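Thanks for coming. I will talk about how some residues pack in this structure, so please have a look at it first.

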Amino acid sequence: MTRLDVIGNVSRDVTRYPDDRGGVRLGGAALFVALAAARAGRPAAPVCVLGEDLAHVPRARGLDAIDWSACGEAEGTSTRFDLRYDRLGELIDVRTDYGVAEGLTDHVLAHVERHPNGQYHVCCRRPLEAAVVLHRLVHHGATFSVDFFLPSTEEMLPAAAPWLSRVSTVLSTRPSTGSSNPSPIRRPCRKSW
């Protein structure tokens with residue numbers, strides 16, 4: 001079975017609640033999609049950039065089903081999301097530091113040049129320049145799917161629109177709530193462009 005190369009972020013997510021709950025955990029769409037694919041029996045590799053603070057992640061227990069060979073490392077810190085929730089578990093504030101993921105687009109383009117016939121899933125989120133990446137995938141005739149994070153869809157969807165007719169699947173992701181199941185919910189979107 002062909003490996004699924006998942007383009008996006010692996011992050012450090014810091015959650016805060018008014019009653020002092022919260023903590024630090026791994027996050028990022030590339031991690032969640034690659035892990036879900038691997039658990040379903042599909043070889044998967046995040047195409048991401050990790051900083052020194054998350055350089056240990058590829059060796060972490062429980063993540064050994066993922067192929068980390070497409071992961072780049074750089075000096076500096078990884079993407080970090082500070083997520084603040086209200087008492088009802090609704091997300092009320094997000095602060096982001098992309099860190100070394102500012103180099104994600106360049107890392108992805110180099111990876112696609114080395115693997116032009118790969119199968120890809122593109123997590124269309126900042127700081128990735130999704131239009132540049134999608135253009136390159138179409139140029140190589142690669143098979144790919146995409147997903148959009150609803151809060152940034154208004155910005156990302158128009159940028160990606162010229163290449164969406166070549167996409168095999170489009171998914172949307174809503175922000176997680178503070179529930180006991182923080183995983184993103186993915187739903188197919190109808191093509192309306």
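Contact, in this talk, means heavy atoms within 4.5 Å. This is a predicted model, where local features need pLDDT of at least 70 and side-chain atom pairs count only at pLDDT 80 or more, while totals for chains, interfaces and linings use all residues. Residues are numbered from 1 along each chain as its sequence is written, and side-chain values use heavy atoms, with hydrogens and water left out.

Leaving aside residues up to four places away in sequence, Leu-137 touches Val-112, Tyr-120, Val-122, Ala-142 and Phe-144.

Now the cores. A nonpolar core is a set of buried Ala, Val, Leu, Ile, Met, Phe, Trp, Tyr and Cys residues joined through side-chain atoms within 4.5 Å; buried means under 20% relative accessible area, with a 1.4 Å probe and protein chains only. The largest nonpolar core has 28 residues, and among those touching the most other members are Leu-137, Phe-144 and Ile-7. Which element gives this core its largest share? That is α3, with 5 residues. A second, separate core of 20 residues includes Val-6, Leu-35, Ala-37 and Leu-63.

Next, helix α1, residues 29–39. Helices here are DSSP runs of H or I, at least four residues, numbered from the N terminus. Of the 11 residues of α1, 8 are buried, so the helix is largely enclosed by the rest of the structure. Those buried include Leu-31, Val-33, Leu-35 and Ala-37. Just after α1, Gly-41 has a positive phi of about 95°.

Definitions and conventions
Helices (H or I, at least four residues) and strands (E, at least two) are DSSP runs, numbered from the N terminus. Buried means under 20% relative accessible area, exposed over 50%, partly exposed in between (1.4 Å probe, protein chains only).
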